[in-house]
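Keep the 3D view open as you read.

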Amino acid sequence: MLGEELRKLISWINPEVCFGCNKCVSGCPVAEIHSEYRPNRIVRLAYLGFIDELIESGVIWYCTQCLKCSERCPMEVYPASVVVALRNIASKRGKTHEAWIKMAKNIALQGKILPEMGVMSIDRKLIKRKDLGIEVPNADRSLLIRILRESGIPLDLGE
Amino acid sequence: MLYQGCMIWSSQYQYEISARKILDFFGVNYKVFPEQQCCGKPLMCVNINTWLTLAARIMAIAEKEGLDVLTLCNGCYLSLNEARKILLESPEKKELVNRILGKEDLKFSGELRIKHIVSVIWEDIGLKKISENVKVKLSGLKLASHYGCHSLRPKEFSIDSNPENPRIIEEILEVLGAESPYYPEKNDCCMILMSNVDVKGADLLRGKKLLAIQRRGFDGMVTICPLCQQSYETRQKRISKMMKEKISVPVIYLTQLIGLALGMSPREVGLDLNMSPVERLLGKIGLSFD
Amino acid sequence: MSDIRIGVYICHCGKNIAGTIDVSELREFASKLPNVIIARDYVYMCSSAGQQLIIKDIKELGINRVVVAACSPTMHLETFRRTIMEAGLNKYLLEMANIREKCSWVHTDRREATEKAKKIVAMAVRKVSSLVPLAEIRRRIQKKVLIIGGGIAGIHAAIELARAGYEVTIVEKTPTIGGKMLLFDKTFPTLDCAQCILSPRISEVAKLDKVRILTNSEVISVEGGPGEFHVRILKRPRYVDENKCTACGNCATKCPVEVPNEWWYGLGKRKAIYIPAPQAYPNAYVIDPNACLRLKLKRDVCGLCMRACDRDAIRFDMKEEIIEETFGAIIVAIGGSVFDPTKIGEYGYGRFKNVITGIQFEVLLNVSGPTRGEIICPGTGKKPKTIVFIQCVGFRNTHFNEYCCRIGCMASIKHALLAKEKLGDVEVYICAPEIRAFGKGYEEFYKRAREEGIRFVKGLPSELREEEDGTILVEVYDPILDKLLNIKADLVVLTSGLEASDDHKKLSEILKIPRSPDGFILEKHPKLDPTATPITGIFVAGVAQGPKDIPDAVSHAEGAAARVMSFLANDELELEPFKAKIDDDLCSRCLICVRLCPYNAISVEKKGSEERVIVDDALCMGCGVCASSCPTGAIIIPNILPKQVFLQIDAALEVEI
């Protein structure tokens, strides 16, 4: 059935019932500034099987997951979820966007998507958590790598 | 369990400081777990099971001590709520996740609640108690509320029962003495996820909202999520260059405003760590950093 | 079993049956079954030629039980019953063997299908041997019709029935007949005046002697069955004597109470004493007991209206009346209710003053309405320079109503054209995924709209935003331009559609008629019987069955009237004899059947100290729930006996594969 691969990842999507009301495009902030980004177009290409083209084009990484499209779609297509499914498929094929690879590596390294950056206070001092007397994170690296590995993440975490 | 999420551990300290100050003031008990890790939401786009496991780990840690989870970040709020729902509806996914967590002697059962700090302020503390304790009225402040996206969508997890016209932040602000009228750009997203891929485009849309808030005469923008806060407070100079117009909007956490109204000093609520021109806002209510 | 002479008639049904089943082999097999005198096969058994074969055999060979092996009984059971009746045989001595829907249409293997057909025929032959002659049950009919709802459909049905000589009672909930059409200015696609069509009909139905109109009334209970429905109607007091009131309006001028006018869908106010519309019928004022101070407080206060009336028409002492009457047939013509888009938060209805519904736009256009026919933005009081219509609001939507509202596209095109006509210099957009212009003259109407410069955008906006000056910011994607349009609208109209109302649920429970999943009254058959309900004697007309425009509502109503006429045409009602029969000697008075009957057909009759459980044949639908639940086996349905089922099972198992 059309869209089966997508549905195996996310069961609640209904890509085939879209009747083209364009409501999702009307409210999409990405569509406002990127003329090639149309949520319903991504959905239709996906369920008709043009997954390679979608992944190649890189368009699936633009969605900011604001969820307006999914929330207001009259047919419960859930376009934002279709995008998530496509990103999973892309990752399985080794085509994860570099920003996400970086976040995954950071999580493996220290449990967070970014390292502690600190902040410049109004007194022009670089303040970190210990300066404020609040707890500093402690992450068990091997534990995190194990969790990522065993849950099936298709990435090279540089272990 | 006080769950901060990644951004607060990294740089958005003022949110945690002000939140903790308020919780302490009203006697809401919480526990911090330094061993917590990212809720996994970014990895939902790489491998769903990885996200589910990471989210379940947080919930399992809380469950072990019989605690609910209190989140400060919209992204974490949705991530945990959604993961919980999926795991409760899919026995296979729940089993997979528990197999991995079991090696740490952790188990996810889903019998806990995930609450956003705004809901805790509204339900557990309540407007009445807040209003009774207001020492510094924020009179004369006209503030633009920014809910972000994941505190309102999907509808089933929304912190306000009317997600298309939320009023929970406005009502809290009104009790503090400020006014918070509707403005057309209220619903605009901070574009944080898209900025991973196109920072310029994200800044353009952020600039659009900041400019509108500025032009409409607001004294500042109120946030309830560290991702939104960071999006709007840290890039104003860059955005000004891009929009060819000076953008100078104070961006402040709701928890910081509550702290000020309760009589705490700007430094006590971490306003010295905000990256936008908050002195202007403070000046309007007769406060300053000294 | 003495002298049972069975004739088996096997239909080829063209290739439908013969293409899969070996009909000759089947005929051979059938001819050898016990008590079968003759077996024939023919290409189209239901044709005149086919039927003649049966009739001839009955007359010449003395066939007295008939098996027709053909299609499903829902297709031609009645046809063949009439055939054998024509030949002089009791029409219930027939059994149909379904070898099409249950055999040839669902199997591809010829051998398998033929063997299965043999079993099916063997079972039918065994059953038909045990059938006994039955007679229809005859009941008196009251030649009186109750029409619930006095809108355009109810009015039309009433006129037709009255002309045919039937007594008609219209029960209308609001204080006037005419329905929603009372609000309309013009109708699509001709743009002719709605009141010029409606008013003559209203006055016609009002003048007919045979029509009694009860307004401010509601049906509260219905007992009995087809031919004899015992109905109780609650007539609420108007507090104004219809016969004396001249609708001069002096009372309303003096009345101190103002409330939102529900006839104007919130766009204006009315007094506690009011007339719904100038052409209302009865053409009299009415007092709203929830608004009137005197009635609400139940004290001798105010009464200004009484003093203003020089006809002494106002009577605060009027009470509610219960009217009890028996009707032969009922037509449900209750219309629908307008969808409230407050639930669609992203469009800001209820928050943004200049976002209104289609029905409110209609009210603006109405010359007797709050703006005297001027199109004015409610928020600013000024005429709009840009209007945006949004279609499909609340419809084609899994969160609200999945069905298409059917009238939205045409209604908005009408509104857009009237806006252009009234305002001249105005930009009008209609946002719709596509336009549905299915009726006569509708596509041409749509073209006219495009010719007059109305801009159609094939996309729906995601949300609406309000500027400080009250204008509405509409961002919508135009797929032909492949651009996001940003329209600054003075007025946004969320096109109105119709849903089933609370009355649908209430009435369906009172009348025990089913509703379809969308909440409207369920028709007996969507194509072949759209104006009847599954309950004999109860019919449905107009939007009550599903949303439709005026031409379709009128056609539907006339259809319902025609059905009622044929239903009540004879002096007696004929009911099928498959009604539950209780053997009094076996009945233990446990009353399980009384409680289980979905049609309330079984009741306890007390005669002195004697108690009997009896079945009302008019209500009984022969569903068999009682028969299967009776612990002593006291209840049977004639010709559908448990023993007959066992005979068929035996027949099926006897046939070797």
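## One residue to start

A:Ala139 sits in the loop between α9 and α10 of chain A. Helices (H or I, at least four residues) and strands (E, at least two) are DSSP runs, numbered from the N terminus. Please keep in mind that this is a predicted model, in which local features need pLDDT of at least 70, side-chain atom pairs count only at pLDDT 80 or more, and totals for chains, interfaces and linings use all residues. Residues are numbered from 1 along each chain as its sequence is written, while chains are lettered from A and ligands numbered from 1 in the order in which they are written.

A residue is buried with 20 or more other C-beta atoms within 10 Å of its own, exposed with 12 or fewer, and partly exposed in between, the C-beta atoms being placed from the backbone. Leaving out residues up to four places away in sequence, A:Ala139 touches A:Gln110, A:Gly111, A:Leu144 and B:Gln37. Such a contact means that the C-beta atoms of two residues, placed from the backbone, lie within 7 Å. A:Gly111 is 28 residues from A:Ala139 in sequence, yet their C-alpha atoms are 5.6 Å apart in space.

## Where the chains meet

Between chains A and B, 55 residues of chain A are in contact with 43 residues of chain B. On the side of chain A, the elements giving two or more residues are α3 (29-33), α6 (68-72), α7 (79-92), α8 (98-110), α9 (129-132) and α10 (141-150). That side has 33 nonpolar, 14 polar and eight charged residues. Here Ala, Val, Leu, Ile, Met, Phe, Trp, Tyr, Cys and Pro count as nonpolar, Asp, Glu, Lys and Arg as charged, and the others, Gly among them, as polar.

Chain C meets chain A as well, with 17 residues from chain C and 16 residues from chain A. Strand β25 (residues 472-478) gives the most to the chain C side, with three residues.

## Two domains in chain B

Chain B is divided into domain 1 (2-116) and domain 2 (126-284), with bounds from an automatic or database domain assignment. Their centres, taken over C-alpha atoms, are 24 Å apart. The contact takes 21 residues from domain 1 and 26 residues from domain 2 of chain B. On the domain 1 side, α2(B) provides the largest share, nine residues.

Which strands form the open sheet of chain B, and in what order? Three strands do, in the order β1-β2-β3, with parallel pairing; two strands pair if DSSP finds at least two bridges between them. β1 (2-3) and β3 (114-116) of chain B stand at the edges with a single partner strand each, so one side of each has no neighbour in the sheet. Strand β2 (residues 69-71) of chain B pairs with β3(B) over three bridges, and B:Thr71 stands opposite B:His116 in β3(B).

## The build of chain C

Chain C contains 18 helices and 34 strands. Its C-alpha trace spans about 90 × 75 × 45 Å along its principal axes. Of its 657 residues, 46% count as buried.
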